[in-house]
Amino acid sequence: MDKVVRWINATDDKRRRTLLFLSYRFNELSRTAVDQLQRLFRALDVDIVTGEEYEPRSVSDKIRARLDLPLDGVVLLVVNEESFWTRDEIAFAHAKGIPVIPLVAKGTTFTAGVFGDLEMIYFEPGHIEQTFIGILEALRYIKLHRRPQPPRAGRDPTDPSPPVPLGNS
């Protein structure tokens with residue numbers, strides 16, 4: 001087990017997998033777009049967390065816990081109307097220096113509040129694929145400007161040993 005932990009923690013910040021929080025309203029209009037976005041991110045080896053999974057605690061605690069993860073970005077999907085959580089998620093991400101990628105359907109009202117100068121990626125309703133080039137550009141920016149993450153538990157940051165490949169026990 002120690003070898004696996006050392007291998008995971010030895011991956012340098014430029015090569016580690018990207019972790020994004022995907023924020024969206026849980027409704028049928030968002031579902032198709034979310035499915036397509038998750039397929040895109042899976043194909044790009046980008047890990048996604050959402051607030052969709054049920055947990056027996058308050059929604060605000062659950063979302064705050066997701067936003068406390070070592071995120072590389074927050075993707076806001078606004079298909080027909082923004083969630084009342086949107087501004088809070090933007091403010092939280094901004095306070096932690098986490099980039100925000102708003103994907104906004106044309107004709108939808110999106111109010112970023114004091115963060116109104118966020119650059120949006122617009123798409124025609126029902127055509128989330130129109131955002132894919134912008135998402136790729138955002139992911140490139142994130143990888144180039146990634147914030148170093150603190151070492152995970154079990155990894156001595158001064159240990160000069162190379163990563164141990166998985167499968168070699």
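How many of the six residues of strand 3 are buried? To find out, select residues 73-78 in this predicted model. Six of the six are buried, and strand 3 is accordingly described as mostly covered.

Next, display the side chains of strand 3. G73, V75 and L77 point one way, while V74, L76 and V78 point the other way. Residues of both sets are buried.

Select residues 18-23, which form strand 1. Strand 1 pairs with strand 3 in the parallel sense, over four bridges. To locate one of the paired positions, pick S23, whose bridge partner in strand 3 is L76. Then select residues 100-105, which make up strand 4. Strand 4 also runs parallel to strand 3, and five bridges join the two. Here, L77 stands opposite L103 of strand 4.

Return to strand 1 and centre on T18, which lies in this strand. The relative accessible area of T18 is 2%, under the 20% limit, so the residue is buried. Show its surroundings: beyond residues up to four places away in sequence, T18 touches D45, V46, D47, D72, L139, I142, K143 and R146.

Finally, select Y24 and F26. The count of aromatic pairs comes to one. The ring centres of Y24 and F26 lie 5.1 Å apart and the planes meet at 75°, so this pair is edge-to-face. Colouring by accessibility separates the two partners: Y24 is buried at 8% relative accessibility, whereas F26 is exposed, with a relative accessible area of 53%.

Note on methods. Residues numbered from 1 in each chain as written. Predicted model: local features only at pLDDT ≥ 70, side-chain atom pairs only at ≥ 80, totals over all residues. Heavy atoms only, no water. Buried < 20%, exposed > 50% of the residue type's maximum accessible area, 1.4 Å probe, protein only. Contact = heavy atoms within 4.5 Å. Phe/Tyr/Trp six-rings, centres within 6.5 Å; stacked < 30°, edge-to-face > 60°. Pairing = 2+ DSSP bridges.
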